Amino acid sequence: MRLENKVAVVTGAASGMGKAIAELYAKEGAKVIVSDLNLAGAEEVAAGINSIGGEAVAVKTNVAHESDINEMIDLAIFTFGGLDILVNNAGIMDDMAPVGDVLDGKWELMFDVNTKSVMRAIRKAIPIFLEQGNGIIVNVASTGGFSGAHAGVAYTASKHAVVGITKNTGFMYAQKGIRCNAIAPGATMTNIVNTISNVNELGAARTKVIKGVIPRLGQPEEIAQVALFLASDESSFVNGAVITADAGWTAG
Ligand code: NAD
């Protein structure tokens with residue numbers, strides 16, 4: 001097993017990629033804090049992991065609130081005695097507005113949930129990682145984190161900022177045993193894709209597949225495999241990197 005006795009915190013783990021990551025990490029031996037705004041969903045994921053011999057605890061976390069983030073990480077220490085892997089996965093994408101139409105409130109919410117949460121969770125984890133001399137951070141960014149063509153301005157900017165946090169953190173702590181990398185998934189079959197497909201034709205991922213713009217939609221389990229690689233020693237020389245997983249969509 002590749003994560004034996006490691007303690008992982010996964011945000012947004014009640015569904016989609018976060019759920020797949022929590023389940024795969026547990027299968028590989030990690031003890032997992034299943035964190036989500038949706039407590040019932042998180043409890044279901046944790047129960048599923050525990051029912052097959054894994055170790056998981058659910059917690060209600062609104063990543064837009066710093067106190068929730070701090071409690072989530074404290075819970076890992078309290079319950080499992082440490083923190084080895086932090087996966088900042090929770091995110092929202094419910095707005096396709098370009099800058100001419102974006103509302104201040106939407107911009108602020110998107111940054112609170114998608115970006116400030118990542119900075120705050122890392123900030124909370126850093127002293128723990130520094131003290132133990134190692135730590136792994138995996139941020140779930142997006143192809144919208146380097147392309148302007150995939151989403152509204154608020155989401156696009158929020159994920160570009162996640163890429164910036166990833167690179168800066170990877171660089172700044174490179175000699176302290178801490179690695180920080182990001183995944184940039186392309187359109188993946190989760191609730192987010194269902195939501196945007198309803199919001200605006202521009203974001204209708206399925207339509208894009210049909211029209212041949214996107215090669216295919218990904219499965220959350222395919223993103224989880226990248227998250228496993230980044231959490232394991234197999235990626236020991238990978239730091240400050242953004243790994244795209246999109247079936248070649250953005251390679252063209
Ligand atoms: P999802 O909707 O299935 O999962 C997102 C999870 O985050 C949900 O369980 C939701 O309850 C939780 N969440 C939302 N707001 C929260 C908050 N304030 N605090 C805590 N939890 C909160 O969608 P997903 O596709 O699995 O999304 C996971 C990540 O992947 C997001 O960061 C998203 O931006 C990113 N992403 C998704 C796609 C895609 O096509 N699905 C593509 C690129 C990037």
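Let's start at Thr166. Leaving aside residues up to four places away in sequence, Thr166 touches Asn139, Ala141, Cys180, Asn181, Ala182, Gly240 and Val242. Contact here means C-beta atoms, placed from the backbone, within 7 Å of each other.

A word on the source. This is a predicted model, where local features need pLDDT of at least 70, side-chain atom pairs count only at pLDDT 80 or more, and totals for chains, interfaces and linings use all residues. Residues are numbered from 1 along each chain as its sequence is written.

Back to Thr166. Thr166 lies in helix α5. Helices are DSSP runs of H or I with at least four residues, strands are E runs of at least two, and both are numbered from the N terminus. Is Thr166 buried or exposed? Thr166 counts as buried, because it has 27 C-beta neighbours inside 10 Å. The cut-offs: 20 or more other C-beta atoms within 10 Å is buried, 12 or fewer is exposed, and in between is partly exposed, with C-beta atoms placed from the backbone. Val140 is 26 residues away in sequence, and 9.8 Å away from C-alpha to C-alpha.

Next, the partner of α5. Helix α4, residues 104-132, packs with α5, residues 153-172, at an angle of about 15°, and the axes are 9 Å apart. So α4 is roughly parallel to α5. Roughly parallel is under 35 degrees, roughly antiparallel over 145, roughly perpendicular 65 to 115, and the rest oblique. Axes are lines fitted to C-alpha atoms, for helices over the stretch in contact, and angles run from 0 to 180 degrees between N-to-C directions.

Who makes the contact? From α4, residues including Trp107, Met110, Phe111 and Ile122; from α5, residues including Tyr155, Val162 and Ile165. By class, the α4 contact with α5 has eleven nonpolar, four polar and two charged residues. Nonpolar covers Ala, Val, Leu, Ile, Met, Phe, Trp, Tyr, Cys and Pro; charged is Asp, Glu, Lys and Arg; the others, Gly among them, are polar.

Now a strand. Ile85 sits in β4, residues 85-88. Ile85 counts as buried, because it has 24 C-beta neighbours inside 10 Å. Ile85 touches Lys6, Ala8, Ala30, Ile136 and Ala231, not counting residues up to four places away in sequence. Val138 is 53 residues along the chain from Ile85, yet their C-alpha atoms are separated by 7.6 Å.

Last, the ligand. The shell has 14 nonpolar, 15 polar and one charged residues. Helices α1 (16-27) and α6 (191-199) each supply at least two residues of that shell.

Methods
Two residues are in contact if their C-beta atoms, placed from the backbone, lie within 7 Å.
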